[in-house]
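Please walk me through this structure.

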Amino acid sequence: MPVTVRTFATSGEAAAALSSERDARYLGGGTLVMRALNEGDVSLSTIVRATDGALTRLDISGSRITIGAGITFARVLAERELSFLHPVAASIGGPAVRNMGTVGGNLFAPAPFGDFTVALLALDATVALQGGYGAREVGLEEFLATRARQAAGLVLSVSLQRPASPEAFRYRKIARIKPKGGAVMTIAAHVPASGGRVLSARIALGAMAPTAIRAKAAERALEGRALDATSIAAAAAAVTEGSSPVDDSLASAWYRREVAGVHLRRLLIGEP
Amino acid sequence: MAKTALQFRHNGRDVAVFVDGGANLLAVLRGVVGDMTPKFGCGQGGCGACTVLIDGEAHLSCLTLAEAVEGHSVETLAGIKDGPNLHPLQRAFMEHFAAQCGYCTPGMLMAAKALLDHNPAPTREDVVNAISGNICRCTGYEPIINAVLAAASGGRARA
């Protein structure tokens, strides 16, 4: 069924169009919205696009990085300053998907997709949203919690602090097919250490709930302790608290819960 | 519903067509332009059979909004041979038995071409990564990897 395509020069106009039409969806790289169209999703009657250059802006000059929503994973991989995110971007799709898929779109990818968002959640990213009435900044955790009932708005960019040190940020995607496959689960952890103790640990899980979630019980198990066998075992034992994985073609919910602690342990001890 | 006018470069030639709202590039290439080389596999971005190059980069044409290629250059398998001469990748695919049923082959060739255009001397791992978004259900990955490596070294190497 043909849909109406509305292309705007500015993100403001696109956001206004999105908030005025209930069945409108924003088209980024196409890997979610075009897929929905190909599957015959009739809930979608209007596609909104924006050619605004601001959406593909990358600000890496300061300690806080801002990545435009329209930045593709291929672009992330081409940017040396974003090397801590290279393992994340490289774990998504094949080259064609990485040339198309965007950082902004990834925030809306349903499980088992959305690996980049898992990393952003561990890095405490914020999301800049343009609504019909203006722009605002929300924490990624809040954004994800309200994603399903999000009042129409347009994601402009995400911002995040660089990891405290290269070894403070860890990422692992567990897939059955390599190098490209959907996630059995995705784990990202930011575990900055001060004086040998973990401070402000953040652990994020993908494919363990409808959206990326934080494993807060595991974070608490590490907080203020040395990253050693005891604290890691406590974190691994607590990692599934609050998770709600589903059975899908990649893994059963039971299996996901069963192996989450194993993979968190491997991630934290640095086992390849 | 009104159609939208669309102009783009297709294998080095300018084409001007009218497309339905929301039509994907694959449907326009096959149904309007008449280029049957890109294939429809899954429509979800999972198989790579529809891979084309847009401005030299591999894209999935089934997930590309046709209107988004306005003014851009689209290259498909139909455009890679030089007159009567097959592209080195096509020759290598024949010599290395890299096609069985052939359905994945156009996508494989375009993914491989994107790789060799950027990296004329890839490692085996580079090739595996380059075709990782392309599924072959005849399980012909080894001969395909060998063919791409052979094409990269001018057909001399026998990997």
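Predicted model: local features only at pLDDT ≥ 70, side-chain atom pairs only at ≥ 80, totals over all residues.

Residues are numbered from 1 along each chain as its sequence is written, and chains are lettered from A and ligands numbered from 1 in the order in which they are written.

Helices (H or I, at least four residues) and strands (E, at least two) are DSSP runs, numbered from the N terminus. Two strands are said to pair if DSSP finds at least two bridges between them. In chain A, three strands make an open sheet with parallel pairing, in the order S1-S3-S2. S1 and strand S2 (24-26) of chain A are at the edges with a single partner strand each, so one side of each has no neighbour in the sheet. From one strand to the next, the twist averages 25 degrees. S2(A) is joined to strand S3 (residues 46-50) of chain A by three bridges, and the two run parallel. Within S3(A), Ile47(A) is the residue opposite Arg25(A).

Axes here are lines fitted to C-alpha atoms, for helices over the stretch in contact, and angles run from 0 to 180 degrees between N-to-C directions. Two residues are in contact if their C-beta atoms, placed from the backbone, lie within 7 Å. Helix H1 (residues 11-20) of chain A lies across S1, S2 and S3 of chain A and runs at about 165 degrees to S3(A).

Chain A also has an open sheet of four strands, in the order S9-S10-S13-S14, with antiparallel pairing. Its edge strands, strand S9 (169-175) and strand S14 (213-214) of chain A, each pair on one side only. Five bridges link strand S10 (residues 183-190) of chain A to strand S13 (residues 202-206) of chain A in the antiparallel sense. Ala189(A) has Ile203(A) of S13(A) opposite it. H11(A) packs on this sheet, where it touches S9 and S10 of chain A, and its direction makes about 40 degrees with that of S10(A).

Which helix meets H11(A) in a right-handed crossing? H10(A) does; a crossing is left-handed if the near helix is turned anticlockwise from the far one by less than a right angle, and right-handed if clockwise. The axes of helix H10 (residues 229-238) of chain A and helix H11 (residues 253-269) of chain A come within 8 Å and cross at roughly 145 degrees. H10(A) contributes Ile232(A), Ala235(A), Ala236(A) and Ala237(A) to the contact, and H11(A) contributes Gly261(A), Leu264(A), Arg265(A), Leu268(A) and Ile269(A). By class this contact has seven nonpolar, one polar and one charged residues. In this scheme Ala, Val, Leu, Ile, Met, Phe, Trp, Tyr, Cys and Pro count as nonpolar, Asp, Glu, Lys and Arg as charged, and the others, Gly among them, as polar.

Chain B is divided by its domain assignment into domain 1 (4-78) and domain 2 (88-152); such bounds come from an automatic or database domain assignment. The C-alpha centres of the two domains of chain B are 21 Å apart. Across the boundary, 14 residues of domain 1 of chain B contact 13 residues of domain 2 of chain B. On the domain 1 side, strand S3 (51-54) and strand S4 (57-60) of chain B are the elements that give two or more residues, and S3(B) has the largest share, three residues. That side divides into eight nonpolar, four polar and two charged residues.

S3(B) and S4(B) pair in the antiparallel sense over four bridges, and Val52(B) has His59(B) in S4(B) as its bridge partner. They form a hairpin with two residues between them, and Asp55(B) in the turn has a positive phi of about 50 degrees.

Helix H2 (residues 88-95) of chain B packs against helix H5 (residues 141-152) of chain B at about 135 degrees, with axes 8 Å apart. That angle makes H2(B) oblique to H5(B), since angles under 35 degrees count as roughly parallel, over 145 as roughly antiparallel, 65 to 115 as roughly perpendicular and the rest as oblique. The crossing of H2(B) and H5(B) is right-handed. Pro88(B), Leu89(B), Ala92(B) and Phe93(B) of H2(B) meet Ala147(B), Val148(B), Ala150(B) and Ala151(B) of H5(B).

The contact of the chains takes 22 residues from chain A and 27 residues from chain B. On the chain A side, strand S1 (4-8), helix H2 (33-38) and helix H5 (95-100) of chain A give two or more residues. H5(A) supplies the largest share, five residues.
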